[in-house]
Amino acid sequence: MFKKAALLSAVAIVAVATPALARDQIRIVGSSTVYPFATAVAEEFGKTSGFATPVIESTGSGGGLKLFCAGVGTQHPDITNASRRIKKSEVEECAKNGVTEITEVKIGFDGIVLANAVNGPDMNITRAQLWQALAKQVPVDGKLVENPYKSWSDIDGSLPNEPIEVLGPPPTSGTRDAFVELVMEHGCEEFDAVKAIEDKKMRGAVCKSIREDGAFIEAGENDNLIVQKLASNPAAFGIFGYSFLEQNGDKVKAATIEGKAPEYDAISSGEYPVSRSLYFYVKNAHVGTVPGMKEYVTEFTSEDAMSPVGYLAQRGLIALPDAERAEVAKNAQGLVPLKM
C-alpha cells in the first residue's frame, strides 16, 4: 500500500514539474479575405524555413479575434488575420485574458467588390443606392418604412431590372464590418430623413441594419463558395474582397461604384470608394514557445512576399507604399507591441 502511494505521489510530482509540450506548428485563425495570402506565406514558409507549415483556419475577423483574445497558452491561436483593424474593446478583452502584448502587422490594401457572373447585367451603382437596396428601413416620401424595394430598377431606372439578391458575409466577418462602415453608413448620409434622426444611436442603427427578408443572404465565410453560386445564378450579386475577383475573372465581374472600378491603382490610391487595409496580429507571449513564429513574420513581411512584385501581389494583394512597407516590416520583425 505504501509503495503504491509513493509511486502515485512520484507520478504527480513529475506531472507538475513537466511543462505542457509546445505545439510544433503555428496555429492561425481569422479573416477569409486574408486567408489566401496567409496560406501562400505558410506554404512558402513550410518549404523553405525548416519549420512545420502553419495550420490556418478561416473563421472570420471577429471570430478569429475572439479565439485569439481568449488567453495565453498553446491551446489558443498564435496569430489571427483580420480584414479590419482590431477594436479597442477587443484589445481590452485580450488584456483581461492575459494577452497583453500584441504586434499589429498591416500587410496591404484590399477593395470590397460587388460582383456578379460575367454573363449577368452590368452594374454602375452609388453607395446611397446600395444602402437603399440592402437597408432594413429606408425613406419613402420622407418617412422611414420597411424596405419595399424588390428589384434594382425600383430604386433607379438606370439599374438592372432584376430582383435584388445579394450574397454577403456574416456578422463575424471583417468584410461585413468594412462594408457596413464604408458603404451602408456612408450611403445613408445622403438622405434627409436619416439626417433628421436626432438620437445618434437610433440613426446608427438605421444606417447599419441590413434587411432580413431574403434579399440579402448570409453566405458564410467561404468567399470561393459565393463565387461558385454567382457563376450559377447570373441575376445574383456577391460581396467579397478584390483578391477573389482577381483570381476568378473568368467567372465573375465587378460593378463600378460611384464611377470607379475596383482596380489595383484605384484601390491603392483610395480612389475606389470601398477600399480598406488588411492585417494580422501576433501573440507575443507565444514567441519562443511555438517554434518559427518570428521567422513566419519575417517571411510574411519580406519584399519577396509583400512588395508590388512579390508573390502576394500575384494573389491580388494591393501593396503598401514603399516607405510604409519598410516601417511595417521593421516593427513586425522587432515584434513591437501595439499601442492603440
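Reader: Why does C207 count as buried?

Author: The relative accessibility of C207 is 7%. Buried means under 20%, so C207 counts as buried at 7%. The model is a predicted one, and this value is computed from it.

Reader: What makes C188 and C207 a disulfide?

Author: Their sulfur atoms are 1.9 Å apart. The cut-off for a disulfide is 2.5 Å, and 1.9 Å lies within it, so C188 and C207 are joined. A disulfide is a covalent bond between the sulfur atoms of two cysteines.

Reader: Is the disulfide of C188 and C207 left-handed or right-handed, and why?

Author: The torsion about the S-S bond is about 80°, so this disulfide is right-handed. C188 belongs to helix α7 (residues 174–188) and C207 to helix α9 (residues 200–208), so the bond ties together parts that are 19 residues apart in sequence. As for C188, its relative accessible area is 1%, and C188 is therefore buried.

Reader: How many disulfides does the structure hold?

Author: It holds two disulfides.

Reader: Why is the disulfide of C69 and C94 given a handedness, and which one is it?

Author: The torsion about its S-S bond is about -70°, so the disulfide is left-handed. Both of its cysteines are buried: C69 has a relative accessible area of 2%, and C94 has a relative accessibility of 0%.

Reader: What pattern do the disulfides of the chain follow?

Author: With bonded cysteines counted along the chain, the pattern is 1-2, 3-4.

Reader: What makes helix α5 largely enclosed by the rest of the structure?

Author: Helix α5 (residues 127–134) has eight residues, and eight of the eight are buried, so the helix is largely enclosed. Among them are R127, Q129, W131 and L134. In the chain as a whole, buried residues make up 49% of the 340 residues.

Reader: Which way do the residues of β3 point?

Author: I79 and N81 point one way from β3, whereas T80 and A82 point the other way. I79, T80, N81 and A82 are all buried.

Reader: How do you know that β3 pairs with β1 and with β13?

Author: Two strands pair if there are at least two bridges between them. Strand β1 (residues 27–30) and β3 have three bridges, in the parallel sense. Strand β13 (residues 275–283) is joined to β3 by four bridges, and these two strands run antiparallel. N81 takes part on both sides: G30 stands opposite N81, and F280 is the bridge partner of N81 in β13.

Reader: What makes β6 and β7 a pair, and in which sense do they pair?

Author: Four bridges join strand β6 (residues 137–140) to strand β7 (residues 143–146), in the antiparallel sense. The bridge partner of V140 in β7 is K143. The two strands form a hairpin with two residues between them, where D141 takes a positive phi near 55°.

Reader: Why is R85 called partly exposed?

Author: Its relative accessible area is 35%. Partly exposed is the class between buried, under 20%, and exposed, over 50%, so R85 at 35% is partly exposed. R85 is placed in the loop between β3 and α4.

Reader: Which residues are in contact with R85, leaving aside its neighbours within four places in sequence?

Author: They are E104, Y279, Y281, L338, K339 and M340. Contact means heavy atoms within 4.5 Å. From C-alpha to C-alpha, R85 and F280 are 8.9 Å apart in space, although 195 residues separate them in sequence.

Reader: Is A231 buried, exposed or partly exposed, and why?

Author: A231 has a relative accessible area of 38%, which lies between 20% and 50%, so A231 is partly exposed. This residue has its place in helix α10 (residues 223–232). A231 and P171 are 60 residues apart in sequence and 24 Å apart in space, C-alpha to C-alpha.

Methods
Residues numbered from 1 in each chain as written. Predicted model: local features only at pLDDT ≥ 70, side-chain atom pairs only at ≥ 80, totals over all residues. Heavy atoms only, no water. Buried < 20%, exposed > 50% of the residue type's maximum accessible area, 1.4 Å probe, protein only.
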